[in-house]
Amino acid sequence: MKDAAIKNMKERMDKTIEVLHHEMAKIRTGRASLSILDGVKVEYYGISTPLTQVAALSVPESRMITIQPWDVSLIGTIEKAILASNLGLNPTNDGKIIRISIPHLTEERRKEFVKAAKKTAEDSKVSIRNIRRDANEEFKKLEKDKTMSQDEHKRLQAQVQEITDKYIAKVDEVFHHKEKEILEV
């Protein structure tokens, strides 16, 4: 029971870190990255479809993204979706391929992106602390039900805190890496 609770806690914290990586990938840096287009949806036959399912995306240069729709009639729709996504990107097309030039970030814009990354990291820390609280409450209940000694409860609490500290450090590491990437000129 106790080992299962610890295992469950670690799995939930791993999932939180995975979500953090995914969310950080969406935050724009000065370089071209296909992940910034992850949230872009295109109307395709009346269905809101992810951009990656209607076109081939690539990064031919460090500051350029190309989008080649499988159905050329979607070019206008894709451009509108990118403009509506509020990413600050201006797509251009030649009738077959959409090109997005990634502009250099201004200092003010970089600070905004760092702020967004910090908020995402803080949200992840809150999630990890909530998972810790859930595990501690489960152990407290076991102690109250007399299926665990007080000493064992204290030992498990210390173990939970140690695991939590490691995951908080992982969040900080991911944030600092993203911050460095954003502030890189």
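Reader: In which helix do lysine 119 and aspartate 123 both lie, and how many residues apart are they?

Author: Let me begin with the basis of the reading. This is a predicted model, in which local features need pLDDT of at least 70 and side-chain atom pairs count only at pLDDT 80 or more, while totals for chains, interfaces and linings use all residues. Residues are numbered from 1 along each chain as its sequence is written, and side-chain values use heavy atoms, with hydrogens and water left out. Helices (H or I, at least four residues) and strands (E, at least two) are DSSP runs, numbered from the N terminus. Here, lysine 119 and aspartate 123 both belong to helix H3 (residues 107–144), four residues apart, about one turn of the helix.

Reader: What do lysine 119 and aspartate 123 form, and how far apart are the closest N and O atoms?

Author: Side chains of opposite charge can pair when their charged atoms come close. A salt bridge is a side-chain nitrogen of Lys or Arg within 4 Å of a carboxyl oxygen of Asp or Glu. Lysine 119 and aspartate 123 form such a salt bridge, with 3.1 Å between the closest N and O atoms. The whole structure holds 14 salt bridges.

Reader: Is lysine 119 buried or exposed?

Author: The terms rest on relative accessible area: buried means under 20%, exposed over 50%, and partly exposed in between (1.4 Å probe, protein chains only). Lysine 119 counts as exposed because its relative accessibility is 52%. Aspartate 123, at 39%, is partly exposed.

Reader: Which salt bridge does glutamate 162 form?

Author: Its partner is lysine 166, and the closest N and O atoms are 3.9 Å apart. Glutamate 162 and lysine 166 are four residues apart in helix H4 (residues 150–183), so about one helical turn separates them. Glutamate 162 is partly exposed at 48%, whereas lysine 166 is exposed at 52%. Elsewhere, salt bridges that share partners join Arg12, Arg133, Asp134 and Glu137 into one network. Within this group, the side chains of glutamate 137 and arginine 133 meet at 3.8 Å, N to O.

Reader: Where is threonine 16 placed, and which residues does it touch?

Author: Threonine 16 is in helix H1 (residues 2–26). Contact means heavy atoms within 4.5 Å. Leaving aside residues up to four places away in sequence, threonine 16 touches Ser124, Ser127, Ile128 and Ile131. Threonine 16 is classed as buried because its relative accessible area is 11%.
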